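Thanks for coming. Please have the sequence and the structure in view.

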Amino acid sequence: MNAIVENLPAFVDGFLMTLRLLAVSGVAALVLGTIIATLRVSPVGALRGFAATYTELLRNTPLTLVLFFCAFILPQIGIRLDYVLAATIGLSLYTSPFIAEAIRSGINGISIGQAEAARAIGLSFGQSLRLVILPQAFRMVIPPLINVLIALTKNTSVAAGFAVIELVAVSRQVIQFNGNATIAILVAVAVFYLLITIPLGQAANALERRVRVLR
Amino acid sequence: MSVIADVPGPRARRWSLIASVVGGVLIVAGLVWVIVFLAQPRVNAGGVEVPGMFDPSRLDILLDRAMWRAIGRGLIGTLQMASVAAVLALAFGILLSMMRTAATAWVRVPAIVLIEFFRGMPVLLMMLFVLLVFSTGSYWAGVAALAVYNGAVIGEALRAGIASLPRGQRESALAIGLTPVQARFQIEFPQAFRQMLPIIVAQLVVLLKDTSLAFILGYNELLNVGLRQGPTTFGQQYLFTLFFVVWAVYLAVNLLVSAIARLIARRTSGWHRSGRRGRRADLVAAQLGGAGVAGATAAALPSEFGTPVSPEDAATDG
């Protein structure tokens, strides 16, 4: 217990870094994922193909490899980033196809009459997407999107392997000097993660229940 | 085709073709730019000029047998961890789903706690926990963490599958005199397993990808052998080339498993629709595999009721 109390500032710093990674790459992945989902349903074949390739490539690449690319390969070709930025970019890229797939499943889940009606009253592709399809799709996909964000929360831990001092990295440092308190330290870190994931999960459950009533 | 784009007329088709060509050209131009950018020689931090990324001095490693042997060793390490963890995760997931759907609160509540806890934990943290607390060595730390985490996810998927079954399945099972346990094992679980099989296989792809986390523990898997030891063995200038070799191997393995998942998804979804009368003929034909129509009704019956006897049956032919 002492080891945790003594190193509390370090843990809080690590927790804040985890939160920062989560927030920044979460927003970036939402934006990127929405763009990819839009491309994926667009009437232009080349864009659909591009989005599909992007999704397949990234979804089948381990996160570790994506982060390795951002942290160690980009500097090789002259793009130098600090490690936090590299991890943020890597996490955003890795998460974006999962967001895109969640949104796309929402778009495909909307009854075809909605799209037909939107087109029948003369809305363009962009308008029907923006005014009719996406608002409904987003509502339907909020629970799966939250699940993606929960996964992202857990994935931020991988950044520990790439010189980012977040929760897991802090725990490893603290354990080095407090080997006798290993279990307590790791449990403390687990509690920090649960502080993020349990509220998110509760939100997903609550929203899922509400959406189910609406349908 | 998605919902939004309805059948295009001639003008829309022309417009779409033009946009497609322009988009394609832009994408190709972007790729060409990236390749030209990569091929340029550049000056590194020490002020020394280094050759471009496609320079022969960087690519000759592709012809090196020792490099491919190393990659093969890494791949074997990855597959060893993934296969053992996958089997354990399936077993653990099935066990958890059984406990989670039990009628007795004493069994159900611990399962809920376990599933929620393990699903909410980063795999890397669990690997570290097993490694440091049980001193198992990196291999078993990786296997145990992956099995527990993915087992919890699979358990939850199976629970959702059981919950999504029509209530009548269980009621009719009880009505014909099966005990609740028999109803669960013989009627509900096989259907749930079948229905959730695509999700389970997709989760196994996640498991396979997550084995790369074990490189942080120092386990000799693909990423560690290829990208950590590779550049020190063969020379730092090969890092870029090695990265693409490792990436290609990961993609090949994962896309293969994903393709199997999609195949299963298509077959099971077809199976679900064919549970209704409409596609019965297709189903019978598929089941007989062209053996003739004589046994058609006999073959159609068990699948009409959709109850393979054991989960193993569902796994092999689902």
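Let me start with the interface: 51 residues of chain B are in contact with 52 residues of chain A, where contact means heavy atoms within 4.5 Å. Before going on, note that this is a predicted model, in which local features need pLDDT of at least 70 and side-chain atom pairs count only at pLDDT 80 or more, while totals for chains, interfaces and linings use all residues. Residues are numbered from 1 along each chain as its sequence is written, chains are lettered from A and ligands numbered from 1 in the order in which they are written, and side-chain values use heavy atoms, with hydrogens and water left out.

Chain B and chain A bury about 4,500 Å² between them, and carbon and sulfur atoms give 73% of that. Buried area here is the accessible area (1.4 Å probe) that two parts lose on being put together, summed over both. Between the chains the count of salt bridges is 0; that term needs a side-chain nitrogen of Lys or Arg within 4 Å of a carboxyl oxygen of Asp or Glu.

Which element of chain B supplies the largest share of the side that touches chain A? That is H10(B), with 11 residues. Helices in this talk are DSSP runs (H or I, at least four residues), numbered from the N terminus. By class, this side of chain B has 35 nonpolar, 9 polar and 7 charged residues. Ala, Val, Leu, Ile, Met, Phe, Trp, Tyr, Cys and Pro count as nonpolar, Asp, Glu, Lys and Arg as charged, and the others, Gly among them, as polar.

Now the second largest pocket, with a volume of about 1,000 Å³. On a 1 Å grid over the protein atoms alone, a pocket is an open set of points with protein on both sides within 12 Å along at least five of seven lines, a cavity is a set where a 1.4 Å probe fits but cannot get out, and lining residues have an atom within 4 Å of a point. Grid points are joined across faces, edges and corners, and a volume is the space filled by probe spheres set on the points.

Of the 27 lining residues, Leu57(A), Phe69(A), Leu31(B), Val34(B) and Trp247(B) lie nearest the pocket's centre. H1(B) gives the most to this lining, 8 residues. The lining has 24 nonpolar, 3 polar and no charged residues.

Last, the cavity. The whole structure has 1 cavity of 30 Å³ or more, and about 30 Å³ of space lies in the largest cavity. Its lining includes Leu75(B), Tyr250(B) and Asn254(B).

Note on methods. Helix = DSSP H or I, 4+ residues; strand = E, 2+ residues; numbered from the N terminus.
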